[in-house]
Structures are given as C-alpha cells and as structure tokens.
Amino acid sequence: MRKLANSELGRKNKDEFKIAEKTPLIVVLDDIRSLHNIGSVFRTSDAFLIEKIYLCGITATPPNKEIHKTALGATETVAWEYYKNVSDVIAKLKNEKVSVWAVEQVEHSIMLPDFEVNQTQKYALIFGNEVKGVSEDAINQCDGVIEIPQLGTKHSLNISVSAGIVIWDVFKKLIISS
C-alpha cells in the first residue's frame, strides 16, 4: 500500500464544489459557543457535500480566524446563513417540506442506527449548545429526535464529534445505500 498524494485525491475546487449536486442534508447549529466546533462542522459539511448550514443564536459566523483554523476554507465552499432565532429556521425549513430532526437525548428519541431515511426526502439536523443541548422549544418543533447510542460513563459527546457521527450515518443512508 502507498499513501495517496494530495494531487491524487480528486478534490473539487471552489467552483466545482459550488455547482456539484449536494447531499439533501442541512445542518443547523444553535447557540454553539466554540469557534473550533463551528469550524469543524463546516469542514465535515464540506467533506459530505452538505447543502447548507444555518448558524443561529450565539453561534459565531465567518469570517473569523478561529473558525478558519478548523474549517480550513470550508466556510468559502459550504453555503451558510445566519438567523437569530432557531425557531425561524425550523419554520422556514418545514415550510420548504424539509424533515427537521434534533440530535439530542430525550424520551422517545430514535437511536441513530434505527433512524430510517427516505431517499426522496431532504433532511435537516439540529445540533445545540455544548452544555444545554438543543432547546426544548426547538425539540418540540421538530419532526423527531435522533439519539447517538452511548454505552460508557459520560453520555455526552463534543458537538463536532456528534455532528460527524450523525452526518456520516445519514449521508451513508441517503447516498451510499440508495
């Protein structure tokens, strides 16, 4: 085996990314306080051709050098928009017939391995504050809640790790399994 050179990876340039068919998946970040988490989610979203990111509440917006440290340019490829209130984003998405799901630990959540997708449906995933999670108000507006199974003692994951896990799983079910 040999490690591939960067020139062999088939990376899209910014223009190719912009016109590429996107994964029918939207990410909503609500009240994310860590600039590194925001940048990491941008980078993950670039990797999986995510359609758009909505930044809400106290979530910082590009351009920002701390976001850039982990995004590594993904803020220039992934479409994004800022809304002060996550409820406005949820209402907008539902009006556009997007299926909106919070990622949180709640009663009657669907464990991620059991979450089934419809390849003809567009989805939005809401990730909440590092300490408080997704707000109860936002949860109540969603079509459902996805939970990541956790078997250890902590039962919490960093927001960027949670986003990576859930985005990969939904991407796999939408794109690879279709």
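Helix α2 covers residues 35-47, and its end C-alpha atoms lie 19 Å apart. At 1.5 Å a residue its 13 residues should span 18 Å, so the two values agree; the expected span is 1.5 Å times one less than the number of residues. Helices (H or I, at least four residues) and strands (E, at least two) are DSSP runs, numbered from the N terminus. This is a predicted model, in which local features need pLDDT of at least 70 and side-chain atom pairs count only at pLDDT 80 or more, while totals for chains, interfaces and linings use all residues. Residues are numbered from 1 along each chain as its sequence is written, and side-chain values use heavy atoms, with hydrogens and water left out.

**Helix α2 and its surroundings**

- At the start of α2, the backbone nitrogen of His36 has a side-chain oxygen of Ser34 within 3.3 Å.
- After α2 comes Leu49, which has a positive phi, near 50°.

**Asn37**

- Asn37 belongs to helix α2 and counts as buried because its relative accessibility is 6%.
- The side chains of Asn37 and Ser160 are joined by a polar contact of 3.3 Å. A polar contact is a pair of N or O atoms within 3.5 Å; within protein, one must be able to donate a hydrogen and the other to accept it, and residues adjacent in sequence count only if both atoms are side-chain atoms.
- Apart from neighbours within four places in sequence, Asn37 is in contact (heavy atoms within 4.5 Å) with Ile32, Glu130, Asn158, Ile159 and Ser160.

**Strands β2 and β3**

- β2 and β3 run parallel and are joined by four bridges; two strands pair if DSSP finds at least two bridges between them.
- Tyr54 stands opposite Glu81 of β3.

**Cysteines**

- A disulfide is a covalent bond between the sulfur atoms of two cysteines.
- The whole structure has zero disulfides (pairs of cysteine sulfur atoms within 2.5 Å) in a search.
- Cys56 is in no disulfide, and the nearest cysteine sulfur, in Cys142, is 11 Å away. That distance of 11 Å is too far for a bond.
- Cys56 counts as buried because its relative accessibility is 0%.
- Cys142, at 12% relative accessibility, also counts as buried.

Notes
Buried < 20%, exposed > 50% of the residue type's maximum accessible area, 1.4 Å probe, protein only.
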